[in-house]
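User: I am new to this structure and would like to know what lies behind the words used to describe it. Could you take me through the terms one at a time?

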Amino acid sequence: MSAPAPKKPVDWFPYLLLLPALAVTLIIVAWPLAETVRLSFTDASMNPVTHYVGLENYQKMFARRFPEVIGRTFVWMVFSVSLKLLIGLYAAVLLNAAVPGRTLARILIMPPWIVPVAIGVFIWGWMYNGQFGMISGLAQRLGLLSGPFEFLAYKNAAFLSTVVTDVWIGTPLVAVYLLAAMQGVPRDLYEAAWTDGASRFYRFRRITLPLIMPAIATMSLLSAIWTFNSFDIIWILTEGGPRNATTTMIIDTYKTAISRFHYGEGAARAVMIVIFLSLFSALYFALIRKLSSRGDVK
Amino acid sequence: MKKMTTLLGAALLASTAATSAFGAETLHMIMCGDDTTPGIPVQQGLISDWEKQNPDFKVEVEFVPWGQCQEKSMTLAAAGNPAALSYMGSRTLKQLAKNGLIIPMDLTDEEKASYAAPILGTVTWDGKIWGLPRAFSTKALFYNKKLFKEAGLDPEKGPQTFDELLADAKVITEKTDAAGYAMAGASFDNSMHQFLNLVYSNGGQVIDADGNIDFDSANNVQTMELVKNLVPYAEPGPVAYNRGKLETLMGEEKAAMMIDGHWLYDRVPADVDMGVVPVPAGPMGKHSSLLITDSLAVFKGSGQEDAAMSLAKFLTSPDHQMAYDIAEGYTPIRGGQKVDELLAKDPSWKPFIDIIPAGGPEPFVTDYVSMQDSINEALQGVILGEVDPKEAIETAAENLEDAQ
């Protein structure tokens, strides 16, 4: 029987190297998060003196139409993300096609993503104007409208207008991301399918789509998180109106905490957002892990 | 060695002198808007004069866009790092005072007497004055004479009552391509302001003399009925319009009537021929106007409260304030010879100045954003046809209790 191998001393140096990163993470992520949770149990406001109020902020939040706001946020997100994915996928297929001018088309798709969001949204705001806007004017010329129509003045129209603007801004990134994934699909698969007489749609359905599915999954989850958190588009176009028709969780939180200075109530809303986004993130990482274990994601 | 000592001594002396020359304490002042308006050079000149009298201070003016300005001042104060002096909408003063973030203004009886009582009312709460009025506006009804003529109406006779306003708006809508009345309904403070002009002109109010919410009244239901009746004769989709956008419609002659401040003359092309009359009176009231002031407020905790108070008083002293008002085109805050001269030079100011004694202040509440949201939501509900005027007023009155 041989003697046990001598115990290797613990090498602390790598842990020491991690300390600065850990400290920064604690300061810029953990501490504000913990502070937000603490604030959510207080009546923090402009008054420098605050009191512990238990779950009162959460009770108030749910008593004041918050469930309605949560529902609206999810509808907004689902509409927007679905459209971005569908249009982005279609655009990626077109940009991947071997046609003349493809490089130029790939460049031209990017401006909505490159233009500063605020400027893009202001332009859309003018386009939605009934008296001077392009959309209403064009619709009147085509005989679709009998007179000026204010897209941001009516609940459903305003809601759809914010979705359209968000889709316009978010689609280029989806398209370019999916295009990159498509370019990673081995060409010999297409050649073999083409030799076997597979149609263009069949090749897309049975080769392209399955192989870019991990990219679609990743982009849909990331897009869902970004869309859920989207603030500037709605705020610039409607400030959450008319009659709260475009008030999502982020808008509601901003109005409560920043416009009305009810920091405690605002913090309770922020905690709810963190919970929802954590669920998304958990889903994202679980999916990535599953795909990685199958060897789809390298 | 001696040379070295002399050189070092000279350097020390020079640095001490430089320190005293450049050692003036910075006084942080926040102004809303940008530095391009005509009153700003006037104000800057006055600040320079004040600095000469107070060499220990150097005033650093920070211009913050309107949309973020008040929030910035309030957030800095709540975070314990306030500006010494800030330009604030007077409606925020109660909230700031109640939370102990600003200090009351120390005015002599003579200084108080220099203001008209309704103007001082816009900055007074709990018997104390919490800001010095810096900008003041009253409103009147502008009407487009060309469109009146086109519709067969007398262009020299603007509407005087709610009924006349409605009748004229109807005729103009039916007989011209323009909207009869420019109505604001966006989620914006000035949509509420537009409505409150009509509320006061029908004898209504938001808060009574004792500080209680008094919004649910027959007067206000009647005023909301007027809004409902005007909707068919307003521009399409009033909920998308705030006052600024309506001014564009007036400039383009796409709307015939609008309640606005005197500045509208400067915002429409010179060839748009406009008449102006007091805000039409409702059946239960008489001509009135919402009186809105913005103020200079001194924040607690900057360590420069006395200097900030001195600067605020200097800038708003009668002559200095008048020079600023005239440069900016604001309704003059104080009366006197300069106002008489202004009226003689430009009689269009008359309806805006004459209405001051009959005007009502912007309501003073603890949570003005909540008040704004409550009233705007009622307006939007009626404009969109989702609630009737009575229900809208009742709901708003309930919500206003939270703002109080």
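Analyst: What follows is a set of questions and answers on a predicted model, each setting a value beside the rule that applies.

User: What makes Trp130(B) count as buried?

Analyst: A residue is called buried when 20 or more other C-beta atoms lie within 10 Å of its own. Trp130(B) has 24 C-beta neighbours inside 10 Å, and therefore it counts as buried. Its place is in the loop between β5 (128-129) and β6 (132-137) of chain B.

User: Which residues does Trp130(B) touch, leaving out those up to four places away in sequence?

Analyst: Trp130(B) touches Leu93(B), Ala97(B), Ile102(B), Pro104(B), Met105(B), Val123(B), Trp125(B) and Ala297(B). A contact requires C-beta atoms within 7 Å. Asp189(B), 59 residues away along the chain, has its C-alpha atom 21 Å from that of Trp130(B).

User: What is the secondary structure of chain A?

Analyst: Chain A has 13 helices and zero strands. From the UniProt record, an unreviewed entry, comes the annotation "transmembrane region" for several stretches of chain A, among them residues 207-228 and 267-288. Residues 207-228 of chain A are 100% helix and 0% strand, with end C-alpha atoms 32 Å apart, and residues 267-288 of chain A are likewise 100% helix and 0% strand, with end C-alpha atoms 31 Å apart.

User: What makes a group of residues a nonpolar core, and which members of the largest one touch the most others?

Analyst: The members must be buried residues of nonpolar kinds, such as Ala, Leu, Met and Tyr, joined through C-beta atoms within 7 Å. The largest core holds 164 residues, and those that touch the most other members are Leu178(A), Tyr181(B), Ala182(B), Ala255(B) and Met257(B). Helix α8 (residues 155-183) of chain A gives the largest share of this core, 10 residues. Beyond its neighbours within four places in sequence, Ala255(B) is in contact with residues including Tyr181(B), Ala182(B), Leu246(B) and Glu235(B).

User: How do you know where domain 1 and domain 2 of chain B meet?

Analyst: The domain assignment gives domain 1 (22-135 + 292-357) and domain 2 (140-288 + 365-403) of chain B. Applying the 7 Å C-beta cut-off, 13 residues of domain 1 are in contact with 15 residues of domain 2. On the side of domain 1 that touches domain 2, the elements giving two or more residues are α4 (93-98) and α16 (350-354) of chain B, and the largest share, three residues, comes from α4(B). The centres of the two domains, taken over C-alpha atoms, are separated by 29 Å.

User: How many residues of chain A are in contact with chain B, and of which classes are they?

Analyst: In chain A, 20 residues are in contact with 22 residues of chain B. The chain A side divides into nine nonpolar, seven polar and four charged residues.

Note on methods: Residues are numbered from 1 along each chain as its sequence is written. Chains are lettered from A and ligands numbered from 1 in the order in which they are written. This is a predicted model: local features need pLDDT of at least 70, side-chain atom pairs count only at pLDDT 80 or more; totals for chains, interfaces and linings use all residues. Helices (H or I, at least four residues) and strands (E, at least two) are DSSP runs, numbered from the N terminus. A residue is buried if 20 or more other C-beta atoms lie within 10 Å of its own, exposed if 12 or fewer, and partly exposed in between; C-beta atoms are placed from the backbone. Two residues are in contact if their C-beta atoms, placed from the backbone, lie within 7 Å. Domain bounds come from an automatic or database domain assignment. UniProt positions are given in the numbering used here, feature names are shortened, and annotations may be inferred rather than shown by experiment. Ala, Val, Leu, Ile, Met, Phe, Trp, Tyr, Cys and Pro count as nonpolar, Asp, Glu, Lys and Arg as charged, and the others, Gly among them, as polar.
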